[in-house]
Amino acid sequence: MDLVKQLYDWMLSWADSPYGVPALFGLALAESSFFPLPPDVLLIAMTLGSPVNAWWFATVATVGSVLGGALGYGIGWYGGQPVLKKIMGQDRMDLVHQHFQRYEGWAILIAGFTPIPYKIFTIGAGAFYVDFKTFMVASIVSRGGRFFLVAGAIQFFGPWIKDSIEKYFNLFSIVFIVLLILGFWIVKHQGQKLAQKTST
């Protein structure tokens, strides 16, 4: 948790920096393939500071995240299932495979919107040879929907939502991190259950 807090503070430090937009793009790109924290933290902070640029910030986050997803797809495609297994473990790899078999592109949509770690599904999509066009469309819809929803909420509700988020920003951030950790736990737990069923 100390490392998470340090990363969280480091991300927020970019909000008031002249390099905030490039940082948002880079973090969104990295999060889709290897970085542990979601770019929403920086997106929210930047949008609160400049609501008029909300749509621009959401666009930057979306483009970065989709390109990062493509990078994750490439890691899975060229590294194959051995790399996926090394990164995630057999249980989680089996769970991701099961999701792709059952839901195909919908698995990307679900992962893109929820606290389930998106990078697991971007790498998994490449490792299990999910159609690239389907993957990209699902990534654009899910990640764009998520980031524009955040930015749109601040724009639509105006000062009320801005004041509420500013007042409870630390609480929202803690909840978001807890949901992220919960997402990892769900993937691990479901993977173990799947492994037990397979072994019996």
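Helix H7 (residues 118–127) is mostly covered, with ten of its ten residues buried; buried denotes under 20% relative accessible area, exposed over 50% and partly exposed the range in between, for a 1.4 Å probe and protein chains only. Helices (H or I, at least four residues) and strands (E, at least two) are DSSP runs numbered from the N terminus. The structure is a predicted model, in which local features need pLDDT of at least 70 and side-chain atom pairs count only at pLDDT 80 or more, while totals for chains, interfaces and linings use all residues. Residues are numbered from 1 along each chain as its sequence is written, and side-chain values use heavy atoms, with hydrogens and water left out.

The protein chain contains ten helices and zero strands, giving the pattern α-α-α-α-α-α-α-α-α-α along the sequence. Of its 200 residues, 46% count as buried. Among contacts in the protein chain with a separation of 6 or more, 81% are between residues 24 or more positions apart, a contact being heavy atoms within 4.5 Å.

The buried residues of H7 include Tyr118, Lys119, Phe121 and Thr122. The axes of H7 and H8 come within 11 Å and cross at roughly 165°. Axes are lines fitted to C-alpha atoms, for helices over the stretch in contact, and angles run from 0 to 180 degrees between N-to-C directions. H7 is therefore roughly antiparallel to H8; angles under 35 degrees count as roughly parallel, over 145 as roughly antiparallel, 65 to 115 as roughly perpendicular and the rest as oblique. The crossing of H7 and H8 is left-handed, a term that applies if the near helix is turned anticlockwise from the far one by less than a right angle, with right-handed used if the turn is clockwise. Tyr118, Thr122 and Ala125 of H7 meet Phe135, Ser139, Ser142 and Arg143 of H8. The residues of this contact of H7 with H8 comprise three nonpolar, three polar and one charged; Ala, Val, Leu, Ile, Met, Phe, Trp, Tyr, Cys and Pro count as nonpolar, Asp, Glu, Lys and Arg as charged, and the others, Gly among them, as polar. Just after H7, Tyr129 adopts a positive phi of about 55°.

Ser139, in helix H8 (residues 132–157), is buried at a relative accessible area of 0%. Not counting residues up to four places away in sequence, Ser139 touches Val66, Ile108, Tyr118 and Gly144. Arg143 is also placed in helix H8 and counts as buried at 0% relative accessibility. With residues up to four places away in sequence again not counted, Arg143 touches Glu31, Ser32, Thr62, Ser65, Ala111, Gly112 and Tyr118.

Gly20, Val21, Ala23, Leu24 and Leu27 of H2 make the contact with Leu42, Leu43 and Met46 of H3. The residues of the contact of H2 with H3 divide into seven nonpolar, one polar and no charged. Asp40, found in helix H3, counts as buried at 2% relative accessibility. The C-alpha atoms of Asp40 and Phe147 are separated by 7.2 Å, although the two residues are 107 apart along the chain.

Aromatic pairs were assigned for rings of Phe, Tyr and Trp (its six-membered ring) with centres within 6.5 Å, planes under 30 degrees apart counting as stacked, over 60 as edge-to-face and the rest as tilted. The count comes to seven aromatic pairs by this rule. Trp55 and Phe148 form a stacked pair, at 5.4 Å centre to centre and 25° between the planes. This pair links distant parts of the chain, with Trp55 in helix H4 (residues 54–88) and Phe148 in helix H8, 93 residues apart. Trp55 is partly exposed, at a relative accessible area of 41%, and Phe148 counts as partly exposed at 28% relative accessibility. The rings of Tyr73 and Phe132 have centres 5.0 Å apart and planes at 65°, so this pair is edge-to-face. Tyr73 lies in helix H4 and Phe132 in helix H8, so the pair ties together parts that are 59 residues apart in sequence. Tyr73 counts as buried at 7% relative accessibility, whereas Phe132 is partly exposed at 38%. Ring pairs link Tyr73, Trp77, Tyr129, Phe132 and Phe135 into a cluster.
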